[in-house]
Amino acid sequence: MTDLPDGSSSWQKSSYCAQGNSCVHIAAPAPGTVCLTESGDPTGAILRTTPAAWAALVRTLKENHPDG
């Protein structure tokens, strides 16, 4: 797994993020890899998963969210 450098332009902030330190950041540093972290501690825990698992999570969240 390729680690992302601190402050990497590869990280993208969630479009649902307001101002503050409670934002999800996502990156795809290599084929077959999706990384997630939070803005309060971007050099802390980085969760790694597959694109298929990430897509399933997003799909489930969208299906179960009242605003779609």
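What follows is a short tour of a predicted model, in questions and answers. Residues are numbered from 1 along each chain as its sequence is written, and side-chain values use heavy atoms, with hydrogens and water left out. Local features need pLDDT of at least 70, side-chain atom pairs count only at pLDDT 80 or more, and totals for chains, interfaces and linings use all residues.

Visitor: What pattern does the protein chain follow along the sequence?
Guide: The protein chain has one helix and four strands. Both are DSSP runs, numbered from the N terminus: helices are H or I with at least four residues, strands are E with at least two. Read in sequence, the pattern is β-β-β-β-α.

Visitor: In what order do the four strands form the sheet?
Guide: Strands of a sheet pair through backbone hydrogen bonds, either parallel or antiparallel. Two strands count as paired if DSSP finds at least two bridges between them. Here the sheet is open and the pairing antiparallel, in the order β1-β2-β3-β4.

Visitor: Which strands stand at the edges?
Guide: The sheet order is β1-β2-β3-β4. Each edge strand has a single partner strand, so one side of each is left without a neighbour in the sheet. These edge strands are β1 (12-13) and β4 (47-49).

Visitor: How many bridges pair β2 and β3?
Guide: These two strands form a hairpin with six residues between them. Gly-32 in the turn has a positive phi of about 80 degrees. Val-24 stands opposite Glu-38 in β3. β2 and β3 pair in the antiparallel sense, and the bridges number four.

Visitor: Which residue is the bridge partner of Leu-36 in β4?
Guide: β3 and β4 run antiparallel, joined by three bridges. In β4, the partner of Leu-36 is Leu-47.

Visitor: What is the relative accessible area of His-25?
Guide: His-25 is found in strand β2 (residues 24-27). Leaving aside neighbours within four places in sequence, His-25 is in contact (heavy atoms within 4.5 Å) with residues including Trp-11, Cys-35 and Thr-37. His-25 counts as buried, at a relative accessible area of 17%.

Visitor: How many of the 68 residues of the protein chain count as buried?
Guide: The protein chain exposes about 5000 Å², and carbon and sulfur atoms supply 54% of it. Such areas come from the Shrake-Rupley method with a 1.4 Å probe; for residues, only the protein chains shown count as cover. Of the 68 residues, the buried share is 19%.

Methods
Buried < 20%, exposed > 50% of the residue type's maximum accessible area, 1.4 Å probe, protein only.
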